[in-house]
Amino acid sequence: MKENYCLQAVLVCLGVLCHSQALATERRGHLRPSFHGHHEKGKEGQVLQRSKRGWVWNQFFVIEEYTGPDPVLVGRLHSDIDSGDGNIKYILSGEGAGTIFVIDDKSGNIHATKTLDREERAQYTLMAQAVDRDTNRPLEPPSEFIVKVQDINDNPPEFLHETYHANVPERSNVGTSVIQVTASDADDPTYGNSAKLVYSILEGQPYFSVEAQTGIIRTALPNMDREAKEEYHVVIQAKDMGGHMGGLSGTTKVTITLTDVNDNPPKFPQSVYQMSVSEAAVPGEEVGRVKAKDPDIGENGLVTYNIVDGDGMELFEITTDYETQEGVVKLKKPVDFETKRAYSLKVEAANVHIDPKFISNGPFKDTVTVKIAVEDADEPPMFLAPSYIHEVQENAAAGTVVGRVHAKDPDAANSPIRYSIDRHTDLDRFFTINSEDGFIKTTKPLDREETAWLNISVFATEIHNRHQEAKVPVAIRVLDVNDNAPKFAAPYEGFICETTFLFQPIVTISADDKDDTANGPRFIFSLPPEIIHNPNFTVRDNRDNTAGVYARRGGFSRQKQDLYLLPIVISDGGFPPMSSTNTLTIKVCGCDVNGALLSCNAEAYILNAGLSTGALIAILACIVILLVIVVLFVTLRRQKKEPLIVFEEEDVRENIITYDDEGGGEEDTEAFDIATLQNPDGINGFIPRKDIKPEYQYMPRPGLRPAPNSVDVDDFINTRIQEADNDPTAPPYDSIQIYGYEGRGSVAGSLSSLESATTDSDLDYDYLQNWGPRFKKLADLYGSKDTFDDDS
């Protein structure tokens, strides 16, 4: 604090001194004409005549930031007419008059009552006037003057930004411009050195420097390496007063980052990489990875990998993973442990982008050796061929050898192989295979006309490891054997007119053979040897697998014979040849004069003498056939057995109603509802069998069966009906239960009335009166015997 006070005192003294000198200079050089003239010597002693002056001042100065205890004397106003007797009064007006600046109206001294700041206001314009104290009459015209605030160095330099950020490429030459920083000073740049700034570097040496006058920061060291240090913090100072002692200063921070250039080649951290791959690996599977390190970043650090040499170039490939910058070694083709167990590759890593400025730092690539060991794996068996085609003749006996498949274990262990047929491909089991040697044989004769090709699959499985198996397709061709005779290609039928002429063509025939073309055509057509001299027809072979049938005579008669059956022998071209005899039907028809067919029916001709012999024979044959049919029908009806199923219309219980000729006639029939005896199971669709006794016998509920001596027959019958209705094995067995009560030993005896008209009975039927309304009719008939006898 003491140092600051001393500094301010020195500044005030300097300011007063400067003000006095300026005031003297101004007074000497800027005197106004006075009302009273006087003389002044010149430089060479001559007397100059001065004109009258009104004022002895022109411009005043006051130092800023003065903080002394008394007001600062700015200057003095004085008029030449002022004799010092106090009759003149000085008046001050204008900017700051009365507030900042005050005047002694007697002496004309002007004082500043407040501290002034040049940075707020650099000057003030005031108006001075001398008036008579008593009358206030102006003695001179008002005169304007200026009070300037004298600047002092009271403002430090300030930078435009508190911090700066800049980039510069690494390896830049010395003196490369990085960034320019700029500071400003609020002091007066036209007065003294208060605003004259000088830049200097406080931190960041020896890497960077700054130009003192411009503030431009430049590199100061060559070959700065980003990989060694990427970021630098620099402090720049701006000092006024031209950098001299006592000047004020300000600082700013500059962060400088070195940007990357491709000045480092990729480098493998090791000279050899060891990898392994299983022989069971499939192409495209990853084997391993290599990585060359490049300290550069961005596109300068991009690396690509290639295989440039080695005995595994055909089996392996390498790709670049740009996310991890690694080289990925992959399997290109399958490897075999038994063939070769190790491979060597020479892999090169190179930069993608190269900067020509640093080509001398190259080469920007590196190589490494990759050794790959092949691991043994338990491989499935391998067939010697990808597929097999065998042949076998049709109709060959079971057990005929078709062919052989062969597989082996590719592993060094050479495990034994077992063969089997995939039965999904041989559902009919036409073939079998020897599990040890792979020979395929037939199990039954084959028919080429049914299936010409058979496709099966054969498995080869290691005996010691059943999970290791291989599959191969086997196609078996069935060779043709001439085992099918040729036949008519269609059901041919010939027609001939009665008025035909000699060697008239009747029909052209062709043949068809199921055998292969080698055992089929050419076909030979001929008549059988026994009718080769047939007087009616002949066959001519056209030698194009067709033949024509011709009439050998003219004039045929339908009355004599209207139908001819001509056997034709067809032979094929196989070895040995096959032949068959086919019958051609030739009808004799009636034709018009132009040879067009009219009718081929023999019945169209009606003779005057009656029917022909053939017609009579046909009629008799029909009659005989009808008689035979009738006899057979009658015989079958007699021998027809009772059906096993009881149909509704054949229910014997309905016959009771149909053929009832006892009792009270129609009245008795209407009184009894036969529907109670219907089988409910039969109504619902269940028809009991007569010949099968039901497995379940309905057992009457205990307590329902009345005692034999009971006279409540009505309850007995109702109970039986209820049991029959609920019995699933009802008719015809229910009839036995219903009427089983009656019989030998019964109190009622027989209910039949067949003998009632011819035989007298001494039985007492009075008990029928107690059997209920259903037996009232019987009670009336038999119970009134005595009464009837008495009446007679």
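Trainee: In this predicted model, which hand does the disulfide of cysteine 589 and cysteine 600 have, and what in the geometry tells us?

Mentor: The torsion about the S-S bond of cysteine 589 and cysteine 600 is about 100°, so this disulfide is right-handed. The sulfur atoms of cysteine 589 and cysteine 600 are 1.7 Å apart, and with a cut-off of 2.5 Å for a disulfide the pair qualifies.

Trainee: Where in the chain do cysteine 589 and cysteine 600 lie?

Mentor: Cysteine 589 belongs to strand β42, whereas cysteine 600 is in the loop between β43 (597-599) and α2 (613-638), and the two are 11 residues apart. Cysteine 589 is buried, with a relative accessible area of 0%, while cysteine 600, at 22% relative accessibility, counts as partly exposed.

Trainee: How many disulfides does the count give, and how are the bonded cysteines paired in sequence order?

Mentor: The count comes to 2 disulfides, and when the bonded cysteines are numbered in sequence order the pairing is 1-3, 2-4. Cysteine 497 and cysteine 591 also form a disulfide, with their sulfur atoms 1.9 Å apart, and this link is left-handed, with -85° about the S-S bond. It connects distant parts of the chain, since cysteine 497 is in strand β36 (residues 493-497) and cysteine 591 in strand β42 (residues 579-591), 94 residues apart. Cysteine 497 is buried at a relative accessible area of 9%, and cysteine 591 is buried at 18%.

Trainee: Turning to aromatic rings, how should I describe a pair, and how many aromatic pairs are counted here?

Mentor: A pair of aromatic rings is described by the distance of the centres and the angle of the planes. In this model the count comes to 13 aromatic pairs. One of them joins phenylalanine 383 and tyrosine 388, which are 6.4 Å apart from centre to centre with 75° between the planes, and this pair is edge-to-face. Both phenylalanine 383 and tyrosine 388 are buried.

Trainee: Are phenylalanine 537 and phenylalanine 556 stacked or edge-to-face, and why?

Mentor: Their ring centres are 5.7 Å apart and their planes lie at 15°, so the pair is stacked. Phenylalanine 537 is in strand β39 (residues 537-541) and phenylalanine 556 is in the loop between β40 (546-551) and β41 (563-571), so the pair ties together parts that are 19 residues apart in sequence. Phenylalanine 537 counts as buried at 1% relative accessibility, and phenylalanine 556 is buried too, with a relative accessible area of 5%.

Trainee: Which charged residue lies over the face of phenylalanine 556?

Mentor: Arginine 553 lies over that face, at 3.8 Å from the ring centre. In another case of this kind, the charged end of arginine 540 sits over the ring of tyrosine 550, 4.8 Å from its centre.

Trainee: Now for the strands: what holds a sheet together in general, and in which direction do β27 and β34 run relative to each other?

Mentor: Strands of a sheet pair through backbone hydrogen bonds, either parallel or antiparallel. Here, 6 bridges join β27 to strand β34 (residues 469-479), and the two run parallel.

Trainee: What is the strand order in the open sheet of 3 strands, and which strands stand at its edges?

Mentor: The order is β12-β16-β15, with antiparallel pairing. The edge strands are β12 (177-180) and β15 (208-210), each of which has a single partner strand, so one side of each is left without a neighbour in the sheet. Neighbouring strands of this sheet are turned by 25° against each other on average, direction ignored. Between β15 and β16 (residues 216-219) there are 3 bridges, and serine 209 stands opposite arginine 218 in β16.

Trainee: Finally, how can I check the span of helix α6 against its number of residues?

Mentor: At 1.5 Å a residue, the 14 residues of α6 (residues 713-726) should span 20 Å, and the end C-alpha atoms are 20 Å apart, which agrees. The buried residues of this helix include Val713, Phe716 and Ile721.

How values were computed
Residues numbered from 1 in each chain as written. Predicted model: local features only at pLDDT ≥ 70, side-chain atom pairs only at ≥ 80, totals over all residues. Heavy atoms only, no water. Helix = DSSP H or I, 4+ residues; strand = E, 2+ residues; numbered from the N terminus. Expected span 1.5 Å × (residues − 1). Buried < 20%, exposed > 50% of the residue type's maximum accessible area, 1.4 Å probe, protein only. Pairing = 2+ DSSP bridges. Axes fitted to C-alpha atoms, helices over the stretch in contact; angles between N-to-C directions. Phe/Tyr/Trp six-rings, centres within 6.5 Å; stacked < 30°, edge-to-face > 60°. Lys NZ or Arg CZ within 6 Å of the ring centre and 35° of its normal.
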